[in-house]
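Here's a walk through one protein model, taken a piece at a time. Have the sequence and the 3D view open as you read.

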Amino acid sequence: MANLVQLILPSIELDLKEIAHTFSKFACNAHTICDPELRPLGTGLFPAISIINHSCVPNAVLLFEGRTAYVRALQPLSSYTEVSISYIETAATTLKRHNDLKQYFFTCTCTRCIKDSEEDALLEGYRCKDQKCDGFLLPDSGKKAYACQKCSISRDEEEVKKVSSEILLLSDKASSFLSSGS
C-alpha cells in the first residue's frame, strides 16, 4: 500500500515506513460495516469501538444502522464488567479462530480458547437440544453450563460430559469397526 501511495503521489516526499505503519493501524482497527443481513457494505474506523477487546465468548455485538455503529450487550452486564466483542466468526474451531486472529497480532486467552482441546473439538459439533433450532452450544460465561448461541437453551456441565462420553464411545466403536475390516 505504501508503494502504491508513492506511485500515485510521486512529487511528494513520503516516508514509506510511516505510511505502512498508518495502514497497519487502520487494518487492525477498522470494522466491516454490514447491512441487516450481514452483507459487507464497506469499512469504517470507529475509534471508541476500536478499544473494545476481543473474546470468542463475547458479551456484546457490534451492529450498524447506516453509518452509525452500536455496541449491544448480549446479556445484562454488571458495573465494571469489561465489554468484549468477537473480531472473528465464533462458530469456527479453536485452531481456525486462532489463525483468523493472527491479523490482529495477539493470541486469544478467553475461556473457550484455553479449554482442553479434546473437549473443545467435541463441543464444536454439539447442536442445540431443541430439534427445531439449528444453533450450537457455547460455554456460558461464568456458569458451569453451555448455552445455545441462537435460542439460549442451556445444558449443564454434567449433561455435556455425558454426551461427550457417548460421542467418544461411538467414535471408538466406529474406529474398531473400520480397523477390523468388517
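**A greasy patch, a hairpin and some charged pairs**

Accessible areas come from the Shrake-Rupley method with a 1.4 Å probe, and for residues only the protein chains shown count as cover.

Before going on, a word on the model: it is a predicted one, where local features need pLDDT of at least 70 and side-chain atom pairs count only at pLDDT 80 or more, while totals for chains, interfaces and linings use all residues. Residues are numbered from 1 along each chain as its sequence is written, and side-chain values use heavy atoms, leaving out hydrogens and water.

Back to the patch. Helix α1 (residues 2-8) gives the largest share of it, 3 residues. Helices (H or I, at least four residues) and strands (E, at least two) are DSSP runs, numbered from the N terminus. L4 sits in helix α1, and with 45% relative accessibility L4 counts as partly exposed. That label covers what falls between buried (under 20% relative accessible area) and exposed (over 50%), again with a 1.4 Å probe and protein chains only.

Now zoom out. The protein chain has 6 helices and 9 strands, and 30% of its 182 residues count as buried. Its accessible surface comes to about 12,700 Å², with 56% of that belonging to carbon and sulfur atoms. Take the contacts (heavy atoms within 4.5 Å) between residues at least 6 apart in sequence: 36% of them join residues at least 24 apart.

For a look at how strands sit together, find strand β4 (residues 60-65) and strand β5 (residues 68-73), which pair in the antiparallel sense over 6 bridges. Two strands pair if DSSP finds at least two bridges between them. V61 has R72 in β5 as its bridge partner. The two strands, β4 and β5, form a hairpin with 2 residues between them, and G66 in the turn has a positive phi of about 65°. As a rule, side chains in a regular strand alternate between the two faces of the sheet.

What about charged pairs? Side chains of opposite charge can pair when their charged atoms come close. The structure holds 3 salt bridges, each a side-chain nitrogen of Lys or Arg within 4 Å of a carboxyl oxygen of Asp or Glu. In one of them, K96 meets D100 at 2.9 Å, N to O. Both K96 and D100 lie in helix α4 (residues 94-101), 4 residues apart, about one turn of the helix. K96 is partly exposed, at 44%.

R39 meets D35 at 2.8 Å, N to O, and pairs with E37 at 3.1 Å between the closest N and O atoms. D35 counts as buried because its relative accessibility is 13%, whereas R39 is partly exposed at 49% and E37 is exposed at 52%.

Finally, how many disulfides are there? The structure holds 0, a disulfide being a pair of cysteine sulfur atoms within 2.5 Å. As for cysteines, C148 is buried at 3% relative accessible area, while C151 is partly exposed at 33%.
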